[in-house]
Every structure is written in C-alpha cells, then in structure tokens.
Amino acid sequence: MNEIIEAIKKSAIVIKELIETGDTDKSSSENSTGDTQLKLDIACDVIIEDIFRELHCVKEIVSEEQDDIVKVNENGKFLIAYDPLDGSSLVDVNLSVGSIFGIYENDFSGKNIVASVYVVFGPRVEMVVSFEDSVKMYRLHKDKFVFIQDLKLNEKGKLNAPGSTQNCWAPHHKQLIDDIFSDGYRLRYSGGMVPDLHQILIKGGGLFSYPGTTDRPTGKLRQLFEVFPFAHVYENAGGQAIDGNKRVLEVPTQHIHDTSPCFFGSNEEINRVLEVYSQNA
Ligand code: FBP
C-alpha cells in the first residue's frame with residue numbers, strides 16, 4: 001500500500017504544476033459518459049496511468065476518463081479506480097479541485113474497497129489517506145507531504161452541501177434540505193466534490209448530498225471513482241455514506257461507469273436522511 005501512496009504523492013506534485021500552468025481548454029474527445037474532456041483531464045490521466053504502470057503490486061487500473069479496465073501486472077494484488085481531476089471545469093475559475101483514488105482487492109466493488117486516497121488542489125495541496133482504521137491528512141511543503149492530523153467526524157455538524165438540479169428534486173428531498181437550512185446549517189457547495197467533502201470532514205461534520213433526481217434517477221457521481229472512495233473515508237472517520245436507504249458500499253456495480261445517489265455526513269444528519277427516505281420509499 002505504501003508504494004501506491006508514494007506513487008499518488010508523486011502524481012500530485014506533477015499535477016499541481018500542470019494545474020498552475022496547463023491548458024484548461026476543451027479537447028476534441030469525450031469520455032465514456034459523453035462528457036467533453038478537458039485537455040487537463042487527459043494530461044492528468046496520462047500522468048497517473050504512467051506512474052501506476054510501474055508498480056508490481058497493481059493488478060488493474062481504471063480511470064473515469066477511460067472506457068475500459070487496463071491490465072497492469074497479473075500478479076498484482078490491488079485494483080485501482082481513479083478520477084484524475086475531479087471538478088476539472090473549476091480550474092479556469094480558480095476554484096479547488098481534486099484527484100480521487102479507490103483501492104480495491106479481488107474486484108471493483110463497494111464491498112472490496114480496502115483503502116482510498118484523495119488529493120485537494122486548493123490554496124494548499126493536501127492528501128487524505130483512509131486505510132485500516134485511520135484517516136490521516138498530509139500537506140505538501142515544497143516537495144514533501146508532511147503529516148498534519150488524524151481526521152474524525154463529530155456526531156453532528158453545521159454545514160450543508162446540497163448537489164444536483166434543484167428543480168428535479170423529489171418533494172421529500174426538497175423538504176429535507178429546507179428543514180436542515182431552517183435549523184441553521186450553513187450552505188457550503190462549490191460544485192467540486194473533493195473540496196466540498198474535504199471541508200465537511202475538516203470542520204467535523206454536516207451533510208453532502210447528490211440524490212437521484214427526475215433528470216438523473218441514479219444520480220451523477222460515479223460509484224468506483226468518486227462515491228465508494230469517499231464512503232470509505234467517511235465511514236472510517238466515524239460518519240456514514242448511504243444511497244438514501246442503505247450503506248452506499250452495498251450498492252452493486254454492474255458497469256464500471258455506474259453512478260449512484262449518495263449522501264455523506266456525520267451520524268445525526270445521515271440518520272435524518274434515512275428517516276425521511278424510509279418514510280418516502
Ligand atoms: P466530473 O466528474 O465530471 O468532474 O463531475 C463531478 C462533479 O463535478 C463533482 O465534483 C461535483 O460534486 C458535481 O459534479 C457537481 O455537479 P452539479 O454541477 O450537477 O452540482
């Protein structure tokens with residue numbers, strides 16, 4: 001696992017440079033779900049793939065920016081699904097973005113995720129590693145990642161990050177979000193999953209939601225590259241991650257680019273979602 005974490009550190013230092021100086025224009029190609037890829041998406045994808053191809057412990061990799069699984073080393077132990085630069089469209093408006101890594105064993109499924117790592121590219125570059133029973137944060141100082149702190153969620157938070165198209169929300173979801181704001185929660189939503197979930201984690205709690213909607217019944221966020229890695233982090237930090245009714249890590253994956261409704265947060269907020277959604281199932 002250390003080999004993989006060292007490789008991610010290496011990729012982050014190169015990607016930081018690319019974000020600061022790279023071309024943020026659209027490329028002429030689309031990813032498997034029809035999103036026009038930015039040149040930055042493709043460049044970051046190449047950086048990460050090249051670095052992982054060097055690792056003997058890696059069996060297979062799959063990128064959000066690619067259609068298929070890439071076989072690396074048949075004797076490898078780990079399978080890695082990654083989003084090279086999540087929220088990349090925010091770079092040219094100078095908002096924080098991030099890379100997300102889910103590390104699996106045996107197959108790409110929620111039940112087989114064994115670790116996850118994400119990197120936030122913001123005013124500072126920070127990396128969070130969720131492995132075994134700890135969630136640790138590191139910060140880039142010059143070219144070294146220095147340990148900063150262990151991350152733990154409180155039972156209850158103050159922040160609310162409601163994603164997806166509001167005029168396509170189910171009435172019970174709209175009521176839930178309105179009630180949470182009526183209870184004094186602060187709105188914190190940048191449109192970048194990595195900085196939004198990082199903020200709730202650092203601040204000790206709250207709720208991030210990207211539900212199923214009339215325009216996207218299975219949500220937008222991808223299970224293997226985005227949802228399961230953050231579910232591993234939030235559960236390991238003492239919070240929860242659900243699809244509205246159950247642990248999102250129990251959601252079966254039929255296709256590598258499957259999406260899932262998702263809710264991440266501290267226990268009080270997630271139990272509130274479970275109550276509302278069970279009454280409207
Ligand atoms: P990409 O994987 O295409 O970058 O989309 C993911 C994302 O940008 C998340 O970072 C963010 O939480 C969400 O989409 C924002 O979606 P919306 O604009 O619908 O709220």
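1. A residue counts as buried when its relative accessible area is under 20%, as exposed when that area is over 50%, and as partly exposed in between. E64, at 7% relative accessibility, is therefore buried. The structure discussed in this note is a predicted model.

2. E64 takes part in a salt bridge with R222, in which the N to O distance between the side chains is 3.0 Å. This pair connects distant parts of the chain, since 158 residues separate the two partners. R222 is found in the loop between strand 13 (206-210) and helix 5 (223-236), while E64 is found in the loop between strand 3 (58-63) and strand 4 (70-71). R222 has a relative accessibility of 8%, so R222 is buried. The search of the whole structure gives 15 salt bridges.

3. A local pair occurs in helix 3 (residues 171-182), where K174 and D178 are four residues apart, about one turn of the helix. Their salt bridge brings the closest N and O atoms to 2.8 Å. K174 is partly exposed, at 41% relative accessibility, and D178 is likewise partly exposed, at 31%.

4. The side chains of R247 and E235 also form a salt bridge, with an N to O distance of 2.8 Å. Because R247 belongs to the loop between strand 14 (240-242) and strand 15 (262-265) and E235 to helix 5, this pair ties together parts that are twelve residues apart in sequence. R247 is partly exposed, with a relative accessible area of 37%; E235 is partly exposed at 26%.

5. R124, E126 and R139 belong to one network, joined by salt bridges that share partners. Strand 8 (residues 125-131) and strand 9 (residues 134-141) run antiparallel and pair over six bridges. Two residues lie between these strands in their hairpin, where E132 adopts a positive phi near 50°.

6. Strand 8 also pairs with strand 7 (residues 113-121), again in the antiparallel sense, through seven bridges. A hairpin of three residues connects strand 7 to strand 8, and F121 has V125 of strand 8 as its bridge partner. Of the seven residues of strand 8, six are buried, so the strand is largely enclosed by the rest of the structure.

How values were computed: Residues are numbered from 1 along each chain as its sequence is written. This is a predicted model: local features need pLDDT of at least 70, side-chain atom pairs count only at pLDDT 80 or more; totals for chains, interfaces and linings use all residues. Side-chain values use heavy atoms; hydrogens and water are left out. A salt bridge is a side-chain nitrogen of Lys or Arg within 4 Å of a carboxyl oxygen of Asp or Glu. Buried means under 20% relative accessible area, exposed over 50%, partly exposed in between (1.4 Å probe, protein chains only). Two strands pair if DSSP finds at least two bridges between them.
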